Amino acid sequence: MIRPAVLFAAFATATAAEEPLSFNRDIRPILSENCFACHGFDSKKREAELRLDTPEGAYTAKDGAFPIKPGDLAKSEVWQRIITTDEDDLMPPPKSHKKLTQKQKDTLKLWIEQGAPYQKHWAFELPRMGALQVPSAVENRPSLSEIDAFLLDRLAKDKLTFADEADKETLIRRVSFTLTGLPPTLAEVDAFLKDGNYEAMVDRYMKSPRFGEEMARHWLDVARYADTHGLHLDNERNMWAYRDWVVRAFNENLPFDQFTVWQIAGDQLPNATRDQLIATGFSRCNVTTSEGGAIDEEYRHLYAVDRAATLTTAWLGLTGGCAQCHDHKYDPLTMSEFYSLYAFFYSSADPPMDKNINTTEPYLRLPTPEQQKAVDAAIAAESVTLKALDAAAQKAVFAEKATSEAQTITQVIFDDVFAYAAETRNTTRNASAWLNEPAFSAKAGKRVLQLSNGQFSEENITPTLTPVVLGDSPRFSLWVRLDPLNTPRTVSVELNNKRVVWGDGSVFTGTAYAQEGDVVVGPLPKRGEWTQLSFDPAAVLGFKPGTRINVVSVQQFGGTAVFDRCEVSGQSRPDKHALTSFATWWKLMSGAKKNPPELPAALAKTLATAPEKVTDAKQREALLRFYLARIAQPVNDDLAKHRTAWQNALAARSAADLAIPGTFIFRDEEKPRDTFIAMRGAYNKLGDKVEPTTPAAFHPLKKSGARATRLDLAQWLVAPENPMTARVTVNRFWQQVFGIGLVKTSHDFGSQGEPPSHPELLDHLAVTFQKSGWNVKQLMKQFLMTKAFKQASPVESNLLSLDPDNRLLARGPRIRLDAEQIRDNALFVSGLINLEMGGRGVRPYQPPNIWEPVGYGDSNTRYYLQDHGPSLYRRSLYSFLKRTAPPPFMSNFDAPNREQSCTRRERSNTPMQALQLMNDVQHFEAARALAERVIAEGGSEDEKRLHWLFRTVLSRKPDAKEFTMLTAALAKQRELYQNDSKAAEKAISVGESTPKKISAPTEAAAWTLISNLVLNLDETVSRN
């Protein structure tokens, strides 16, 4: 390899004095940083009517003076203002706190001397396939890829060339992490070492379902995907189907133009498919609120601003949000044009207030064929059983009881379903959480009601058509089973706001749920077992016979509990109880202020009227038959049989419905809203009306009708005439593969962004990507097949100083793994990983008190309830992401909180990261599981085991020095643990996975520490 003896010039400036300066490369960044804010695109903020971002503005004389006189420094007023010593005339002015460096001054001076040529901003020109001048160094290498030829052409200017190819172990590990986010297995390494077929190895990883997961991870940053609303309560939302669609789209190699169109306007495609509708969730990933006092119009405005700004970032590589309050200061995007983009999203059908629920409309249910079949069957069964029940009720003989002796009457509040027409509300604000046929079995029927929260949760049940009135010697009872892993501190029941508690009643003290008069009636039930809780409402709470129970609340504090068969019984006279006396029921119900939707409209007026005032026999008879069918205790066996069949059908339909997932989708209102410029970005200070259209600096929008649609916008984004989308996209994929984009500022291709390191290569990639049919897998393979990607990454001080970010790629890309990759790597090599794909976000280990300090008191994500079992070991892509408190293992390694679009993660290096890798439960547990693999699979000798461990984690054998250090460390750990067996037991008991006990605890603990050491190597957490 040729290494220069002289310092190489930064590639953002000309590399030799004789090479003409480039305005886009050398001059625009200087002017943009120092001049354009006052002398640029924004006419409202332009000083002295001087514009320096166009040649017309710079060359035109004003009052006899030329701002810039090409070739003449003496007559160039701008230059004279730069070099003056008079602070009143100096540019940039001192008050701007900007100051040109001597190097920048020299560059501007040379540019004016060379004729001060301007160029249109490079990103706004259509990419072109330029003719590459192949350097002499590569003329005799016909196998060289076009990408390599571009890179070598640039390297040759600084007398550089590629490094040697990396060894096979490095290559397969690099490819595996790049394409799957996981390391290779030992079998995969051995196979590659044997056949050496690099391309076949790349193809194999690209066909893996893990490919889509790794690709999706990067896009979800751009899409600002998360599992919570983000504002106010930050409650859970059902969006994971969108995440799973992104994974699927990459695995199926959906062309990127379709990937784009579906997300922006999938709902507007003819006969839109389910996947096309799911894809529109991109525009529903923004943060939302339902805070009391929030103003609808303000948040409707903010959502449209976010969606327009995200679009400009994701596809145009522009900071469009800067034009929300004023014309963009640096790029050709006026405030009016921003609001014309905003207009495409301003007519959205989603409400400004998200209701704090997980199913905010527009919402798409996503049944599988089997689930749809089950729902259809349940609907049919419900209809059939209800007809049979009504028929039986028509035939039933009923007569009001005369005065009679009291008897025991039992009223079910809920079993597999709630009492008919009962109104329910719970802490989550979402649908009640029923578990159908749980593994631990229901106590009665097939379903149980679940409550789960880190602090307090409750299910409020308000009987409506089935009033609950206490008799003599009343008894309230229900069955409960406490989760053995998330055991509550109390369970409780409230009747008419009076609470009965089992367990530690003091837990309510100092909380918002504390109230006077709580009665502790017993200890907390045994966890993991069904226990019947029972008490006398009269003796315990002082309720008198005849008291109507308006609200029943079932509660738990600090964990997870399931409940079954809740009922009230007591001694009542049949002629006085609402379930046995039609007259009593009617009298109770006639005073109701509103009727539940379950009451047929034809009966509503009759029921609301006092019984003695209804004289129409048909009306009375119709109400009676409704009462016998749905409300009364069955008067005969035939009616009882049909009532049971109908209730079972209701439960089956509810179970079938709840089993169906869904997702937020995007849709417009039928009538578009008028859109106006928001002056200074204020939603309530409206300026001129605008129509949906695209910025004038780009190609014209082709409208399909009188008013432009989102589908027109989406097709405009991927049109051949669009100079931005292909460039922006290939740059992000390049960044993904090589660690940094050809344009480093992948979010900003405008004047404030950094020029491309290899502009001709960027254009070449953009054009070939479009010509390939926007083929993502083909593009990724092109990158991985280059000699640039396959290089070794030698650490040479001179090259590090010349090109610290490796922009020129004179060495192989070496980058720290991302947060998800670090955790997944540990789980993978340990054998703990659960590779199940898709579904609701899981909650792995997390330090205590992460959610709680930032959580609103009434939020259903205020308290973190960790998952257990296989869910703990799912890939990090599937970890539940709460915006106001993202998983700390991700935040610690620079993952964004997804509150807004992120196109590039930073990479930091902090002590906290080292502490996490050494001490976090997940990582230490992985080390113990890896140690067990070492002992079981690595052979019987220390040398073989150490080699197996190193190859499993790093795909290579340790060198002699490394082996010596590992051997010494192992001996030390053995000695320590042999002298402290309790510490050994503790070390191998970290985490919830069960130790396999394949060796003595002291031996397992020693290998755990060695595994932990190897997992903490810099090489382990780097993609080399």
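I began with M912, which I noted as exposed because its relative accessible area is 52%; buried means under 20%, exposed over 50% and partly exposed in between, with a 1.4 Å probe and protein chains only. I then placed M912 in helix α30, residues 911-919, where helices are DSSP runs of H or I with at least four residues, numbered from the N terminus.

Before going on, I noted that this is a predicted model, in which local features need pLDDT of at least 70 and side-chain atom pairs count only at pLDDT 80 or more, while totals for chains, interfaces and linings use all residues. Residues are numbered from 1 along each chain as its sequence is written, and side-chain values use heavy atoms, with hydrogens and water left out.

I recorded A323 as buried because its relative accessibility is 0%.

Which residues does A323 contact, leaving aside its neighbours within four places in sequence? I listed H328, L333, T334, M335, F338 and Y339, taking contact to mean heavy atoms within 4.5 Å. I also noted S336, which is 13 residues from A323 in sequence and 8.4 Å from A323 in space, C-alpha to C-alpha.

Methods
Helix = DSSP H or I, 4+ residues; strand = E, 2+ residues; numbered from the N terminus.
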